[in-house]
Amino acid sequence: MTIRTLHLIRHGQTDWNRDKRVQGHAESELTELGRQQAASLAPLLRRHCVDAVYHSSSVRTRQTAEILFQDTRLSLSPCDHLKEIYLGPWEGRLQNEVRDSHPEQFEYFWNRPDRFCLEQAETFEQVQQRALARIRELLQSPHRNLALVSHGVWIKTVLCAIEGRDLGRLWEPPIMHNCAHSIIEVQGAAMRITQSAQKPPLNQ
C-alpha cells in the first residue's frame, strides 16, 4: 500500500505576531525574522522530495511558501480551506484589548478551546472539520509528499484529531512555533504523526 506524507508548516513570524495582535482571516505580513525562519527551514524540506505545495490564501502563508520553495519548480496552490480560524470581531485588535472586552471567551480560547463560542466567529471544531475534509480531498491526488503551509490553530486541530485528543487539550505541548514543521505519514485510512511541531533550525 502506498505511503504518503503530509508536511504541515505554520507560517513565519508576522508583524501582528510580534505585536500580539489577533490575526484570523485578516492580513498581516512576514517580518524579517519570519522570512529568516522560512529560509532556515527550506533546505530541510528539500530532503523530503515534496511534490505538491498548498498554502492558505492568506498573505503570510503565501509569503512563507514562496521562500520555502523558491529554489524548486513546484507551483504553489492557494486554498481557502487552509485558512486560520475566523475570529470576526477580534481580528486586527490587540490581545489585551480582546481580553478586556471578552474575558470569558478569551479564557476559553486559550484554556478551554472546546468551549470557545464567539458570535460571528468559527469554533475550533468547525476549523477541524474543514481542515480534515480538505486533507481527505488532497489525499485523492497522485502526489506522495504534500506540503501544506497553514496556521497554528488549523494545524493543531489536525494533530489533535490524529492523536485522538479532545479539542479542550489543543494547546498542550508541543508549542506551535512560527514555521513549526509537523510530518504525518498516511497509509490507507491510517495516519501517524512522525514529527510534531518541530521548530525551524533558526534560533528564535
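View 1. On one side of α5, Pro103 and Glu104 are exposed (over 50% relative accessible area; buried is under 20%, partly exposed in between; 1.4 Å probe, protein chains only). On the other, the buried residues of α5 (residues 103-111) are Gln105, Phe106, Tyr108 and Phe109. These four span an arc of only 160° around the axis, which places them on the same side of α5; the arc is taken from the directions from the helix axis to the C-beta atoms. An α-helix has 3.6 residues a turn, so residues three or four places apart point the same way. The cover over the buried residues of α5 includes α4 (95-101), α6 (124-138) and α7 (152-163). Helices (H or I, at least four residues) and strands (E, at least two) are DSSP runs, numbered from the N terminus.

The model is predicted: local features need pLDDT of at least 70, side-chain atom pairs count only at pLDDT 80 or more, and totals for chains, interfaces and linings use all residues. Residues are numbered from 1 along each chain as its sequence is written, and side-chain values use heavy atoms, with hydrogens and water left out.

**View 2. Aromatic pairs.** Rings of Phe, Tyr and Trp (its six-membered ring) pair if their centres lie within 6.5 Å; planes under 30 degrees apart are stacked, over 60 edge-to-face, the rest tilted. The count by this rule is 10 aromatic pairs. Phe109 and Phe116 have ring centres 5.2 Å apart and planes at 80°, so this pair is edge-to-face. Both Phe109 and Phe116 are buried. Ring pairs join Trp90, Phe106, Phe109, Trp110, Phe116, Phe124 and Trp171 into a cluster.

**View 3. Trp110 and Trp171.** The ring centres of Trp110 and Trp171 are 5.0 Å apart, with planes at 35°, so the pair is tilted. Trp110 lies in helix α5 and Trp171 in the loop between α7 and β5 (181-187), so the pair ties together parts 61 residues apart in sequence. Trp110 counts as partly exposed, at 35% relative accessibility. Trp171 is also partly exposed, at 28% relative accessibility.

**View 4. Lys156 in helix α7.** Lys156 is found in helix α7. Lys156 is buried yet has no salt bridge (a side-chain nitrogen of Lys or Arg within 4 Å of a carboxyl oxygen of Asp or Glu). The nearest side chain of opposite charge, Glu163, is 6.8 Å away. A polar atom of the Lys156 side chain lies 2.8 Å from the backbone oxygen of Pro174. Leaving aside neighbours within four places in sequence, Lys156 is in contact with Leu170, Trp171, Glu172, Pro173, Pro174 and Met176 (heavy atoms within 4.5 Å).

How values were computed: Lys, Arg positive; Asp, Glu negative; His and termini not counted. Polar contact = N/O pair within 3.5 Å; in protein donor to acceptor, adjacent residues only side chain to side chain.
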